[in-house]
2 protein chains.
Amino acid sequence: MPNEDPLRPPGRLESLTQWQSGKIATLGARLTSSRMPLGGRADFAVLAALQQFGPLSQADIGRSLGLDRNDVNEVVGRLEGAHHVHRMPNPTDRRRNTVTITAQGARHLDELEAIAHEIQNDLLQGLDQNERVQLRALLRKVLASHGPQPS
Amino acid sequence: MPNEDPLRPPGRLESLTQWQSGKIATLGARLTSSRMPLGGRADFAVLAALQQFGPLSQADIGRSLGLDRNDVNEVVGRLEGAHHVHRMPNPTDRRRNTVTITAQGARHLDELEAIAHEIQNDLLQGLDQNERVQLRALLRKVLASHGPQPS
DNA sequence: CAAACAACGTTGGTTAGGCCAACATAAAGG
DNA sequence: CCTTTATGTTGGCCTAACCAACGTTGTTTG
């Protein structure tokens, strides 16, 4: 027994937060890929962590962002090549690298943040300012309730 | 000047809905992959569309779910192999396949839905019932404000 | 009516993200 | 001391989203 027009997602999916989040993330990814340089999202995340917390080891970067050590390594390598960060061995713990953001990296972070806010504005065009604040708060609460599980 | 402990995501990311949605989607994917059979999410979506809207062409399934024609084709092939759907050429438009859910497929849909609700419950454990309703409504509003853009 | 156009299913890729395995080195703990 | 744990690094796997191209079939238009 057909119910309605198949132009919208079925109700079973529209009531699944999991599915909704995935779709919105995909929308964001599409907007991002057409406006940010390649790897921009990961670069932005790593630079933001370094800017806020100061020099970090690669493992700490990963824990802060929920990223795998391996992937952090790749991003840091790319950022180092662009002189956006500075990677040197930690003398007091020679297993670790100390990753530091450069002045050029800080500028790049600001540029990426501006783009990110434009994207956010387009993404949330259907919500007024109060609703956007509510949504951010709810999503943060969900994330906070899940400890850093992965890798 | 380091601010706080790097055990949490930087503020610049925590205020980006795009990043938050992605992280939550990843959490959901992790929970899903450990409890649903392989390809369960896509199967669930396609079966849900067929159940709600009745027999559909593969292109209509894709439009309803925001999926690419190619990917729909793959999922329908898998579902057909498991006798969860029934695929036959449409006599009035021989370009189209008419995809119909079977009784076995409807049972499978119910099983997958039960698992999906368990996952949803774990994912949203930090929110009370009112907050969950609010969150769903806000996410739906965001999705509704973006027409079916892709493929 | 005929020719151009658009839609559909299908095959076969590409890319980015998230993840796991294994290793050598270095530190920490017994 | 020996064992265990942490770190960076290399290399690879898999899923999801996408794109390109093709032959076939409707649809539209000159």
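Me: How many salt bridges does the rule find across the interface of chain B and chain A?
Reply: This is a predicted model in which local features need pLDDT of at least 70 and side-chain atom pairs count only at pLDDT 80 or more, while totals for chains, interfaces and linings use all residues. Residues are numbered from 1 along each chain as its sequence is written, chains are lettered from A and ligands numbered from 1 in the order in which they are written, and side-chain values use heavy atoms, with hydrogens and water left out. A salt bridge is a side-chain nitrogen of Lys or Arg within 4 Å of a carboxyl oxygen of Asp or Glu. Across the interface of chain B and chain A, the number of salt bridges found is five.

Me: Which residue of chain A forms a salt bridge with R12(B)?
Reply: The closest N and O atoms of this pair are 4.0 Å apart. The partner of R12(B) is D110(A).

Me: Which helix gives the most to the side of chain B that touches chain A?
Reply: In contact (heavy atoms within 4.5 Å) are 70 residues of chain B and 70 residues of chain A. Helices are DSSP runs (H or I, at least four residues), strands likewise (E, at least two), numbered from the N terminus. Those of chain B that each supply at least two residues to this side include α1 (11-14), α3 (40-53) and α6 (103-123). With 13 residues, the top contributor is α2(B).

Me: How many residues of α4(B) are buried?
Reply: Buried means under 20% relative accessible area, exposed over 50%, and partly exposed in between (1.4 Å probe, protein chains only). Among the buried residues of α4(B) are D60(B), I61(B) and L65(B). They pack against elements of both chains, including α2 (17-33) of chain A and β1 (85-89) of chain B. Of the eight residues in α4(B), the number buried is six.

Me: What separates R63(B) and D60(B) in helix α4 of chain B?
Reply: Their side chains meet in a salt bridge, 2.8 Å from N to O. R63(B) is partly exposed at 45% relative accessibility, whereas D60(B) is buried at 18%. An α-helix has 3.6 residues a turn, so residues three or four places apart point the same way. Because R63(B) and D60(B) are three residues apart in helix α4 of chain B, the separation is about one helical turn.

Me: Is E14(B) buried or exposed?
Reply: E14(B) forms a salt bridge with R8(B), the closest N and O atoms being 3.5 Å apart. R8(B), at 42% relative accessibility, is partly exposed. At 11% relative accessibility, E14(B) is buried.
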